[in-house]
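Please work through each task before reading its solution.

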Amino acid sequence: MKHILIVDDDPVATLILKKNLELIQVNQETITFSNGEEAYAYFKKKYNEKENYYVFLDINMPLMNGWDFLNSIDSFINKANTHIYILTSSINKLDMDKATQYTLIEKYLSKPINKEVLKTIKEENKW
Amino acid sequence: MIKDDKNYNIVVIEDNIGDFFLLEEYLNEKINNPLVNHFERFSEFTKIADSIDEVDIIFLDLSLPDKSGKELVEEVLKISRNIPVVVLTGLSDFSFALKAIALGASDYLLKDELNSVALYKSIVYNIERFKNIIKIKESEQLYTDLFQLSPQPIFVIDATTLTVLDVNKACEHLYDFTKEELIQQPINSVLLNNDDINFESNGTIIKQIHLKKNKEQIITEVKYNKIIQNGKEAIIMVINDITKRIEHLNEIENQNTKLKDIAWIQSHIVRAPLTNILGLINVINDTNAITDKELLTHLNNSVLELEIIINDIVNKTNNL
């Protein structure tokens with residue numbers, strides 16, 4: 001069982017990502033959250049160690065940003081089954097450097113999301 | 001006998017003609033053609049005040065008809081300035097001769113014991129000695145000038161009582177106090193919260209907040225040095241007013257913070273709608289969705305959003 005999660009406060013960005021997933025025939029239902037806090041609440045309640053989680057995570061969000069979300073789930077999730085893809089508009093080197101400090105982060109992706117990159121992720125994870 | 005050939009310009013202020021002639025004769029015994037200006041009254045002597053610099057030495061009788069004693073000595077010294085004054089005295093007022101020296105006269109001669117050798121020796125000795133005194137005076141003046149004209153404010157304070165002994169003009173200017181208002185005051189009256197001064201060793205530099213007369217604060221770096229002044233330990237405090245420097249640094253730091261804010265905004269806020277526009281266009285291209293009104297509305301809104309944000313940034317940079 002796998003879950004694809006989108007955590008982004010910008011509905012347009014979420015829409016674009018969903019459309020792109022459709023385009024590469026990822027028909028899996030996605031679960032969307034508009035900030036880190038909502039996503040954290042989901043993990044806290046629903047997280048199952050035997051299942052796989054793929055999270056597209058924005059950095060700048062209200063209430064709880066991407067970094068704080070990663071810090072808050074770090075203690076109880078299994079790194080082997082949780083894959084984080086940072087998906088942000090930021091091209092700031094500080095953000096990119098910070099991303100390398102989190103072992104949970106699979107890739108740092110700058111918006112706009114590229115169909116080819118999504119395809120690679122799909123193949124890597126055998127979606 | 002060998003006589004001195006130098007061109008001495010000698011003033012003799014003496015009302016007793018007999019004494020004067022004797023003195024003149026003794027002079028001629030040792031000196032070739034001395035230029036001797038004789039005045040019988042103090043009032044006559046004052047007339048050469050303007051050309052006093054040409055004179056080498058002044059001989060002064062202590063009692064003249066128009067002035068005598070302490071007042072006479074003081075008045076003559078006022079005119080003579082850098083010229084040695086040798087007082088001529090009889091045995092009767094010998095004690096006053098010492099007073100005259102205390103007042104600043106260079107030497108005294110007892111008329112009753114006067115001879116050409118003693119007189120000549122007195123001339124040579126006093127002229128030479130006075131040259132050295134002038135050098136010391138010049139050196140003192142130089143020190144005073146360096147202190148007074150230093151662009152850095154300087155306090156000299158008593159090392160024991162920590163009261164102000166002297167301040168220079170730059171100090172009066174910075175603190176807005178007059179010298180008179182500062183002298184004898186405890187130094188901590190210009191320190192914020194009456195802090196004690198922290199003197200450790202020579203050359204210590206301490207950052208302190210000082211107060212002007214109007215209680216305005218000045219951020220300073222104070223360099224402390226110990227010296228001996230008039231046989232007592234004193235502390236020299238050289239003040240470096242760094243208020244402006246600190247203000248400039250704060251200003252620069254504020255600007256840097258603003259610039260970082262702007263960089264963050266560019267990255268996270270400005271690029272967000274921009275990436276949406278690009279993402280939407282990609283999707284439109286890939287899906288033949290050009291007929292999809294919803295996508296076009298989003299595209300339009302993203303463009304409008306971008307315009308507003310860019311305007312905000314322009315306003316923010318205007319305030320830099």
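This is a predicted model: local features need pLDDT of at least 70, side-chain atom pairs count only at pLDDT 80 or more; totals for chains, interfaces and linings use all residues.

**Exercise 1.** How many aromatic pairs does the structure hold over all chains?

*Solution.* Over all chains, there are 16 aromatic pairs. One of them joins A:F33 and A:Y42, with 5.3 Å from centre to centre and 50 degrees between the planes. Planes under 30 degrees apart would count as stacked and those over 60 as edge-to-face, so an angle between these limits is classed as tilted. The pair A:F33 and A:Y42 is accordingly tilted.

**Exercise 2.** Determine whether A:F33 and A:Y42 are buried or exposed.

*Solution.* The cut-off for buried is under 20% relative accessible area. A:F33 has a relative accessible area of 9% and is therefore buried. A:Y42, at 12%, is buried because its value also falls under the cut-off. Both residues belong to one aromatic cluster, whose members include A:Y40, A:F43 and A:F76. Over the face of A:F76 lies A:K44, at 5.0 Å from the ring centre.

**Exercise 3.** Identify the residues with the most contacts inside the largest nonpolar core, and state which element supplies its largest share.

*Solution.* The largest nonpolar core has 30 residues, and the most contacts inside it belong to A:L17, A:F56, A:L109, A:I113, A:L118 and A:W127. Elements supplying at least two residues each include β1 and α1 of chain A as well as α8 and α9 of chain B. The largest share, seven residues, comes from α8(B). Leaving aside residues up to four places away in sequence, A:L17 touches A:I6, A:F56, A:L87, A:I113 and A:L118.

Conventions. Residues are numbered from 1 along each chain as its sequence is written. Chains are lettered from A and ligands numbered from 1 in the order in which they are written. Side-chain values use heavy atoms; hydrogens and water are left out. A nonpolar core is a set of buried Ala, Val, Leu, Ile, Met, Phe, Trp, Tyr and Cys residues joined through side-chain atoms within 4.5 Å. Buried means under 20% relative accessible area, exposed over 50%, partly exposed in between (1.4 Å probe, protein chains only). Helices (H or I, at least four residues) and strands (E, at least two) are DSSP runs, numbered from the N terminus. Contact means heavy atoms within 4.5 Å. Rings of Phe, Tyr and Trp (its six-membered ring) pair if their centres lie within 6.5 Å; planes under 30 degrees apart count as stacked, over 60 as edge-to-face and the rest as tilted. A charge sits over a ring if NZ of Lys or CZ of Arg is within 6 Å of the ring centre and within 35 degrees of the ring normal.
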